[in-house]
Amino acid sequence: LHFPTLSDMGIKNLTKLLMEQAPEAFKEEAGPAAYTGTKVAIDASMALYQFMVAVRSAESAGGGGPSMQLTNEAGEITSHIQGFFSRTIRLMEKGTKPVWVFDGKAPDLKGGELAKRKVLKEAAAVALKEAQDAGDIEKQNQMQKRTVRVTKEHNEDVKTLLRLMGCPVIEAPMEAEAQCAELAKKGHVFAAASEDMDTLTFGTPKLLRKFTAPESKKIPVMEINLQRALEGLQLSMDEFIDLCILCGCDYMDSIKGVGSKTAYKLIKEHGTLEKVLAQIRKDGKGHTIPDVFPIDAAR
């Protein structure tokens with residue numbers, strides 16, 4: 001495998017753990033052309049964020065600034081619409097039928113994670129202002145990415161475009177990656193494409209990462225097979241879900257001092273989160289369990 005270092009969204013350090021314990025779960029493909037003749041459910045929210053980041057990066061890169069961006073008559077940037085148009089055409093030219101899935105209402109359990117992200121964005125906005133005052137272009141570019149905000153209008157514009165192009169558009173009741181996984185589980189699509197690793201815990205048989213990466217970057221598609229991952233880990237699906245919660249997920253705070261390797265060891269030894277927590281409480285040291293730890297709701 002020759003994948004670049006990938007950061008994990010959804011489940012902390014799950015990719016690294018799987019590469020160590022279940023390397024046979026991974027397959028590398030040169031790009032979307034390997035999936036000619038298939039339908040793929042794609043996390044549109046992730047792609048939209050990536051296009052918005054690209055717009056901000058171009059603005060702060062110097063040598064042109066915002067005037068280089070596509071805008072409408074009101075001066076509003078429309079580069080994310082162009083991005084979706086180009087990316088969708090490229091996928092269709094490769095023989096893949098994209099099914100774009102958009103986020104719905106965020107689950108109540110995710111409130112804590114969203115609050116953390118809001119605080120980080122506010123801190124990034126302060127750092128951006130400081131970088132602008134100092135003329136630090138590199139820092140501006142870095143902070144611009146962290147302050148990107150995708151609005152309802154951005155989503156609606158892209159949905160309109162895709163419908164005009166004749167592409168299936170699905171509005172998820174909650175998380176887009178969960179809906180992508182459900183479409184794959186039911187056999188409506190070949191795979192789910194997302195950078196969110198919790199797509200696996202929602203049960204997609206196959207997860208495609210970097211599926212919508214720019215062709216110019218020549219980043220291979222990382223295909224992860226859930227059944228082979230479970231076989232390599234020697235865990236049931238229920239145990240895998242408990243492992244992912246223990247690694248750290250978006251729906252609850254993590255147990256202090258427990259990383260992915262420790263989480264895997266504990267689940268292998270004790271089988272369930274309830275038994276892991278009982279053992280941690282019995283030991284009485286080393287790990288701190290949050291006061292609010294809603295296992296059943298997270299599952």
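Reader: Which residue is the bridge partner of A192 in strand 6?

Author: In this predicted model, A192 has L207 of strand 6 as its bridge partner. The general idea is that strands of a sheet pair through backbone hydrogen bonds, in a parallel or an antiparallel sense. Here strand 5 (residues 191-193) and strand 6 (residues 206-209) pair in the parallel sense, over two bridges.

Reader: In what order do the seven strands form the sheet?

Author: The order is 1-7-6-5-2-3-4, in an open sheet with mixed pairing. Strand 1 (26-29) and strand 4 (169-171) stand at the edges with a single partner strand each, so one side of each has no neighbour in the sheet. On average, neighbouring strands are turned by 25 degrees against each other, direction ignored.

Reader: How do I read a helix, and which residues of helix 12 are buried?

Author: An α-helix has 3.6 residues a turn, so residues three or four places apart point the same way. In helix 12 (residues 273-283), the residues L273, V276, L277 and I280 are buried. Seen down the helix axis, the buried residues fall within an arc of 95 degrees, so they line one face of helix 12. The face turned away from that buried side carries K275 and K282, which are exposed.

Reader: What covers the buried residues of helix 12?

Author: The cover includes helix 10 (237-247), helix 11 (260-270) and helix 13 (295-298).

Reader: Is K159 buried or exposed?

Author: Buried means under 20% relative accessible area. K159 has 6% relative accessibility, so K159 counts as buried. K159 lies in helix 6 (residues 152-164), and its side chain makes a polar contact of 3.2 Å with that of E156. Leaving aside neighbours within four places in sequence, K159 is in contact with F102, V169 and E171.

Conventions: Residues are numbered from 1 along each chain as its sequence is written. This is a predicted model: local features need pLDDT of at least 70, side-chain atom pairs count only at pLDDT 80 or more; totals for chains, interfaces and linings use all residues. Side-chain values use heavy atoms; hydrogens and water are left out. Helices (H or I, at least four residues) and strands (E, at least two) are DSSP runs, numbered from the N terminus. Buried means under 20% relative accessible area, exposed over 50%, partly exposed in between (1.4 Å probe, protein chains only). A polar contact is a pair of N or O atoms within 3.5 Å; within protein, one must be able to donate a hydrogen and the other to accept it, and residues adjacent in sequence count only if both atoms are side-chain atoms. Contact means heavy atoms within 4.5 Å. Two strands pair if DSSP finds at least two bridges between them. Axes are lines fitted to C-alpha atoms, for helices over the stretch in contact, and angles run from 0 to 180 degrees between N-to-C directions. The arc is that of the directions from the helix axis to the C-beta atoms.
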